[in-house]
Amino acid sequence: RRQFWITRHGESLDNNSGQIGGDASLTQKGRIYAEALTSFVGEQRAIFEANSGTSSNSPILLPGLSRSSSLANRPYQPPKFSVWTSMLRRTIETVEQFDPVAYDIRHIRALNEIYAGSCEGMTYKEIQGKFPAEFAARQANKLYYRYPGMGGESYADVIQRLSPLIVELERTTHSALIVTHNAMTRTLLAYMMDIPTTMMTTMDVPLHTVYCVEPKPFGNECRQYRFNFES
Ligand code: F6P
């Protein structure tokens, strides 16, 4: 049994100004989310591992193994738990407080946000003003529209970029937390929850929300938790 936790990074300075892409740091609010996420995932991990009988506090002794057996004497290996982020500052800062001994932390380029080419760093309003035809083309077909300029991507490009990572994720036997971005969260959730690509590109995946996807015999189940800044 395993769980996949998926979330966007905490609020960044660019989220505040409405600029897309870039490599901004977290705001104060984003840092509060990072801290809350660290303790929430820690708690959920402990509950899940206790319920699955794989808690690091309760090593499993196989029936019939004597104390002198070399297997019984092997040091207990707690179950692994992966934490994957993109290579961008805002996701890395979101997991800064995860203990690197307790978690297997990796920063992966394939999880970077959709690359907006020559529109990187602009607001949607600026794009509409400066490149109205491009803006309209994207609105008309977000799935196949590819941003202009070197390295500009479409959602279809993103799906392809993520494919090897999805294969790896499906092969893992342990749980994972993936801290990524808006377009990437949409793509991952759409794949895991069988959401049509037509809906995927506009699906609402707010900041400060964590999704828990759990494989079940007849498909994946998804629960959503929203961080409450009031409490
Ligand atoms: O606005 C945040 C952001 O992550 C941008 O960096 C990115 O270009 C955008 O969301 C993706 O969302 P959409 O496909 O709706 O423009």
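A residue is taken as buried if 20 or more other C-beta atoms lie within 10 Å of its own, as exposed if 12 or fewer do, and as partly exposed in between, with C-beta atoms placed from the backbone. The model is predicted, and local features need pLDDT of at least 70, side-chain atom pairs count only at pLDDT 80 or more, and totals for chains, interfaces and linings use all residues. Residues are numbered from 1 along each chain as its sequence is written.

The chain has 9 helices and 6 strands, these being DSSP runs numbered from the N terminus (helices H or I, at least four residues; strands E, at least two). Of the 231 residues in the chain, 29% are buried. Two residues are treated as in contact if their C-beta atoms, placed from the backbone, lie within 7 Å; among contacts in the chain between residues at least 6 apart in sequence, 62% join residues at least 24 apart.

Helix α8 (182–193) is mostly covered, with 9 of its 12 residues buried, namely Ala183, Met184, Thr185, Arg186, Thr187, Leu188, Leu189, Ala190 and Met192. The elements that cover these buried residues include β1, α7, β4, α9 (197–200), β5 and β6 (219–226). From its first C-alpha to its last, α8 reaches 16 Å, close to the 16 Å expected at 1.5 Å a residue, where the expected span is 1.5 Å times one less than the number of residues. Asp194, which follows α8, has a positive phi near 60°.

The axes of α7 and α8 come within 10 Å and cross at roughly 65°, axes being lines fitted to C-alpha atoms, for helices over the stretch in contact, and angles running from 0 to 180 degrees between N-to-C directions. In this contact Tyr155, Val158, Ile159, Leu162 and Ile166 of α7 meet Ala183, Met184, Thr187, Leu188 and Tyr191 of α8. The contact residues divide into 9 nonpolar, 1 polar and no charged, with Ala, Val, Leu, Ile, Met, Phe, Trp, Tyr, Cys and Pro counted as nonpolar, Asp, Glu, Lys and Arg as charged, and the others, Gly among them, as polar.

The largest nonpolar core has 37 residues, and those with the most contacts inside it are Trp5, Ile6, Leu177, Ile178 and Leu189; such a core is a set of buried Ala, Val, Leu, Ile, Met, Phe, Trp, Tyr and Cys residues joined through C-beta atoms within 7 Å. Two or more residues are given to this core by each of β1, α2, β2, α7 (155–171), β4, α8 and β5, and α8 gives the most, with 6 residues. Apart from its neighbours within four places in sequence, Leu189 is in contact with Ile6, Ile195, Val205 and Tyr211.

Buried positions in α2 are Gly30, Tyr33, Ala34, Leu37, Val41, Arg45 and Glu49, and their cover includes β1 (4–8), β2 (81–85), α4 (89–94), β4 (175–180) and β5 (209–216).

Leu111 is placed in the loop between β3 (104–107) and α5 (124–130), and counts as buried because 23 C-beta neighbours lie inside 10 Å. Leaving aside neighbours within four places in sequence, Leu111 is in contact with Trp84, Thr85, Ser86, Ile178, Thr180 and Met184. Asn112, also found in the loop between β3 and α5, is buried, with 22 other C-beta atoms within 10 Å.
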